[in-house]
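Please walk through this protein with me, from the whole chain down to single residues.

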Amino acid sequence: MRASRALRILRSSTRPSHGIPRGSRRYQITCNYCSSCETPTSQAIATNPTPPPDHRQLAIEQELFTTSIYSPGSPLFLPKGAQMFNRLTNFLRSQYVYFGFDEVITPTIYKKSLWEKSGHWENYADDMYSVTGRGATGDQEGKQVGEDEEYGLKPMNCPGHCLIFASKRRSFRDMPIRYADFSPLHRNEISGALSGLTRVRRFHQDDGHIFCRPSQIGEEISKTLEFVRMTYQMLGLGPYRLALSTKPKDHIGTLEEWDNAESALKQALEASGKEWTLNEGDGAFYGPKIDIILKDSDGKEHQTATIQLDFQLPKRFELTYQAPAPELEQKGLTTADPELLAKEGPVTPVLIHRAILGSVERLMALLIEHYNGHYPFWLNPRQVCIVTVADGPAIVGYAKKMKNYLLWKDQQDYRKEWIRPPDEISDPIKTPDRLGWPHFYNFDLTVDVDDTPRSVRKKISEAKRKRYSVVIVVGQKNVEDGTINVDLSGMMDPYGFVATNNRIKSSIFAKKGLLNYVPREMNDKEKELGWHRLPREGWYKLGIDEEAKSENPNYKGLRSLKGEVNEILKKRYDSFSVEATDLKDVPLSVDELVTILRKMVTMYL
C-alpha cells in the first residue's frame, strides 16, 4: 500500500518552475512520502527527467496569451504577450533599412477573381476562408453579381504585392524591388491540428517579396540567407538545417521553368557553404523553396523561415519591367553589343518569396520554450520592476518618479522640444507626468512599480518569479540621497557586458570598501599640508585651493604620491572580477542605470 502510494505521487509530480533555460536539463529526485511512511531506501528514490518546457503552460504563468472557443486557432495576445510580439516585429523592421525592404500594408480580403488569377483558388481553396459580401453591383467580368459576389480572406500576401508592383511602369534600374508586410493572414487549418501558437488559423508572417531581374537571383537569395543567419544568431536559436523542397504533384508552370528554378536555388545553396538536404515533392504549387527547419524543446521540427522562387505569379499578373536587350535579359545574360542594347522591351521579373521568422506566433512559441521564460533583456516583456521597501507616500512617490525618469531618459534623445515651452521640460522627473507628451523613442522600455503593502522580501520574490530582468529596491535612504539599489542578477548576459561594465564594477568595488585602501599612513609633512583621506576615492587630497597648487613647493611631490596611490588602486581594480552574487545589490545612480539598460538594448538592435 505504501509503495503504491509512493509510486502514484512520483508519477503525478508536476513540472518544476521555469528556471532552467533550454540546454541545462536537470533531473529531479522526488520523494513525497506521507508522514506515516518509513524512511525510503536509496532503491525507493526514483528519478524523473524534467519535462521539456511547454509554451502553452508558460503563457499562462507569464500572462502572454489566451484562447477562446469563439475564435479557435486565433490567439488573443495579452499586454505582455503583445509587447513581446511587437519587439520581435520591430526588430525585423529595424533591419529592413539594411536589407533594402520597404514595408507596405495590404487588404485582408480580396475578390475571388484575384485568387483565381493567382492560382490559389484552384490549388489552395480548401485552406482558405470564403466570404460573401455585398460587393459592387453589376457584372464583374463573368464573375459573381452584386450582393452575391464572393471574396476570400488572404492566406498569403503575394497577390497583393503583385498588384503594388503593377501599379506603375518599372525599369531595370528600379530592380530589385523589395516589399515587406506584417498583415494578418488566415488559413482554415483542421481543428484537430490546432495547438497553442505553433498551429493557428490567424497569424502574422514577416512576409517579404523581392521582384528582381533573372541575373540578380543568386545575389538576392544569398542576402536572404545572410538575413536568416544574422536573425537566428541574434535570437539565440539554432542550429538549424536547410532543406530544398522541389516540385509537388499539384503545381503550375512548365517542367523547364521548374528545372530552372530548382537549379537556381541549388546554386545558391552550394554558394552558401552550408549543408542542405533534398525534400522531394514538398515545394509550393508555384515554385521550389528553401526551408529553414528548427527543433523545439521536445525535439519536434518546425519549418520557420522560407525562401521560395517563383516564375509563375509574375506571368499570371502580367508583370513587366523595361530593359535593353530584353531577350538576353530574360535569360539572365548581359551584352555589350550597342545594337542589341539600343532595343528596349518588356521583361518578366522573377519573384522571390521570403519569410525570416515565418509565422511570428510560431517563432514566439519556440522562443518561449527555448528560453524557458528567461528572455534576453531586449525581448523580455518584464524588464524593470521597482519595489518599495514601505508604502509610505515619500517612498512610493520617489519610486514613481524613478519610473518616469527611466522612461523619460529612454526617449530623451528623440523628444520634440518645440512642442512645449523650455520651462516645462526643464525637469525630466515631472515632465512625463503631464498629459499629451508624445513618446518619440526607438525602444519601448517596460518599467513596473510594486508599491503594495507587503514585505519587501515577498515583493522581490514575486518579481523574480515573474522573470523581471532588473529589480530596483527603493527605501527611505534612497529617497534621502537620490540613489537606487539594483539587482541585475536576472538579466541574461551572454556576452558578459553586465559583469564587465565599468559603472557596475566601480559601484561594487566601492561598496566592498576597496577604494578606501591606502598603502601607508600619512607622514607629518603631508598632515601639515592638509591632506586627508576621502572615504570613496582612495587617495590623499591637498587641502588648498586650485590657484595655490602651483605656488606650493611640495605640490609636485604630492602629485607624484597621488599618482602612486592611483596606480595601486588601478591594479587592484583591474584584477577585481564581479561575481554573480555581487549583482544582487548594486548601488547606482539613475543615469548610470539608464546608460546600462540602453546599452543592453542597442548591443542587440
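Predicted model: local features only at pLDDT ≥ 70, side-chain atom pairs only at ≥ 80, totals over all residues.

Residues are numbered from 1 along each chain as its sequence is written, and side-chain values use heavy atoms, with hydrogens and water left out.

Start with the whole. The protein has 21 helices and 25 strands. Helices (H or I, at least four residues) and strands (E, at least two) are DSSP runs, numbered from the N terminus. Of the 605 residues, 46% count as buried. Buried means under 20% relative accessible area, exposed over 50%, and partly exposed in between, with a 1.4 Å probe and protein chains only. The protein exposes about 31,300 Å², and carbon and sulfur atoms supply 50% of that area. Accessible areas come from the Shrake-Rupley method with a 1.4 Å probe; for residues, only the protein chains shown count as cover. Take contacts (heavy atoms within 4.5 Å). Among those between residues at least 6 apart in sequence, 71% join residues at least 24 apart.

Now the cysteines. How many disulfides does the structure hold? It holds zero. A disulfide here is a pair of cysteine sulfur atoms within 2.5 Å. Cys-162 is buried, at a relative accessible area of 0%. Cys-385 is also buried, at 5% relative accessibility.

Turn to helix 7 (residues 217-235). Its 19 residues should span 27 Å at 1.5 Å a residue, and its end C-alpha atoms are 27 Å apart, which agrees. The expected span is 1.5 Å times one less than the number of residues. Buried residues in helix 7 include Ile-217, Leu-225, Phe-227 and Tyr-232. Just after the helix, Gly-236 takes a positive phi of about 75°. Helix 8 (residues 255-272) holds Ser-272. Ser-272 is partly exposed, at 29% relative accessibility. Ser-272 and Glu-226 are 46 residues apart in sequence, yet 8.8 Å apart in space, C-alpha to C-alpha.

Is helix 12 largely enclosed or open? Of its 12 residues, 12 are buried, so the rest of the structure largely encloses it. Among them are Glu-361, Arg-362, Glu-369 and His-370. Asn-372 follows helix 12, with a positive phi near 55°.

Five strands form an open sheet in the order 20-19-21-22-25, with mixed pairing. Strand 20 (447-450) and strand 25 (586-588) stand at the edges with a single partner strand each, so one side of each has no neighbour in the sheet. The twist averages 30° from one strand to the next. Two strands pair if DSSP finds at least two bridges between them. Strand 19 (residues 384-388) and strand 21 (residues 470-474) pair in the parallel sense over five bridges. Val-384 has Val-470 of strand 21 as its bridge partner. Helix 14 (residues 456-465) packs on the sheet, touching strand 19, strand 20, strand 21 and strand 22 (484-487). Its direction makes about 170° with that of strand 19. Axes are lines fitted to C-alpha atoms, for helices over the stretch in contact, and angles run from 0 to 180 degrees between N-to-C directions.
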